[in-house]
Amino acid sequence: MNARDDFHGLPAIALRAPDGASARVTLHGAHVLSWQPAAAGGQAGEEQMFLSPRALFAEAQPIRGGVPVVFPQFSGRGPLPKHGLVRTRAWQLRHSGVDGSDAVARLVLEDDARTRAAWPHAFALELEVRVGGDSLSMALSVRNPGASPLSFTAALHTYLRVDDLERLRLQGLENQPYWDAVRDLETRQDGQPLSILGEVDRVYGSAPPVLSLQDGSRRLSVAQQGFVDTVVWNPGPQKCAALADMEPHGYRQMLCVEAGQVARPVVLPPQGSWRGSQKLTLGA
Ligand code: TA6
């Protein structure tokens, strides 16, 4: 059974599937903050998301951790605030319930006077969050209710919890070309699974749709559809120390593996729609 609750003063929805799998989403940003797959005895298992102990929970502030929704601009690639307009806005809960073996919530956000003052476009967003068994799925739908084309970039900026950054391996990106935002150049990964040695900020444009994260004995599959780019980010020690909402060693406990539409915007005709999703599965 799902329930409305409150997380650090922000209205939230706690999802709970019949098998005990759970997730929590704040209306602020439609931000998934927690995901615990099902464990034995109908209980919720171990937390899989990173949430910084120094994260800020306040209106107009982005939350460090979980899954920020990025729209209509990825990072600083344009004139809007970093990562766009919607991660700091109050979304509305459209639906919450159980669908078969999953708990589901759907949150929606439309343009308003504030978004139009920054970005003069009509849009209608929906984030569907679905949890059950070993999986969490998040799907972002964008509809263009306006009379002119809608062009945007977007991402599900997922912060995964990490136990052992030194030994962590992300498989599936071997030999893939990527944009290296740290060195500001286009390059290609070597033939080895990715290990995190210092700051990593990469946009892979043609990565396979399913990656596998090996973190000690824990294995997590990260799959995406609709989004064409995959972003991998870890701030490393120096950048992390400069982030007020991260503990100095917080970079050792997280890795962002993001489903993104970064390099090439989606362009929707009037009444057109688009959907991009990411699915995380423990042990797959
Ligand atoms: O997705 C990677 C990235 O764009 C990085 O460049 C890094 O800045 C990160 O997002 C976090 O951005 P934020 O605005 O949340 O500090």
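This is a predicted model: local features need pLDDT of at least 70, side-chain atom pairs count only at pLDDT 80 or more; totals for chains, interfaces and linings use all residues.

Biologist: Which residue is the bridge partner of L136 in β22?

Modeller: Strands are DSSP runs of E, at least two residues, numbered from the N terminus. Two of them pair if DSSP finds at least two bridges between them. Strand β11 (residues 135-143) and strand β22 (residues 273-282) are antiparallel over 9 bridges. In β22, L136 has as its bridge partner L280.

Biologist: Over how many bridges do β19 and β22 pair?

Modeller: Strand β19 covers residues 218-225. Its pairing with β22 is antiparallel, and the count of bridges is 6.

Biologist: How many residues of the shell around the ligand are charged?

Modeller: R64, K82, R87, D201 and E258 are among them. Asp, Glu, Lys and Arg count as charged; Ala, Val, Leu, Ile, Met, Phe, Trp, Tyr, Cys and Pro as nonpolar; the others, Gly among them, as polar. The shell divides into 3 nonpolar, 3 polar and, as charged residues, 5.

Biologist: How far from an oxygen atom of the ligand does a polar side-chain atom of D201 lie?

Modeller: H157 places a polar side-chain atom 2.9 Å from a ligand oxygen. E258 also has a polar side-chain atom 2.9 Å from an oxygen of the ligand. For D201, the distance from such an atom to a ligand oxygen is 2.5 Å.

Biologist: Which residue does a cis peptide bond join to F71?

Modeller: Most peptide bonds are trans. Here omega is about -5°. The residue lies in the loop between β7 (69-70) and β8 (92-99). The cis bond joins F71 to P72.

Conventions:
Residues are numbered from 1 along each chain as its sequence is written. Side-chain values use heavy atoms; hydrogens and water are left out. Helices (H or I, at least four residues) and strands (E, at least two) are DSSP runs, numbered from the N terminus. A residue is near a molecule or strand if one of its heavy atoms lies within 4 Å of it. A polar contact is a pair of N or O atoms within 3.5 Å; within protein, one must be able to donate a hydrogen and the other to accept it, and residues adjacent in sequence count only if both atoms are side-chain atoms.
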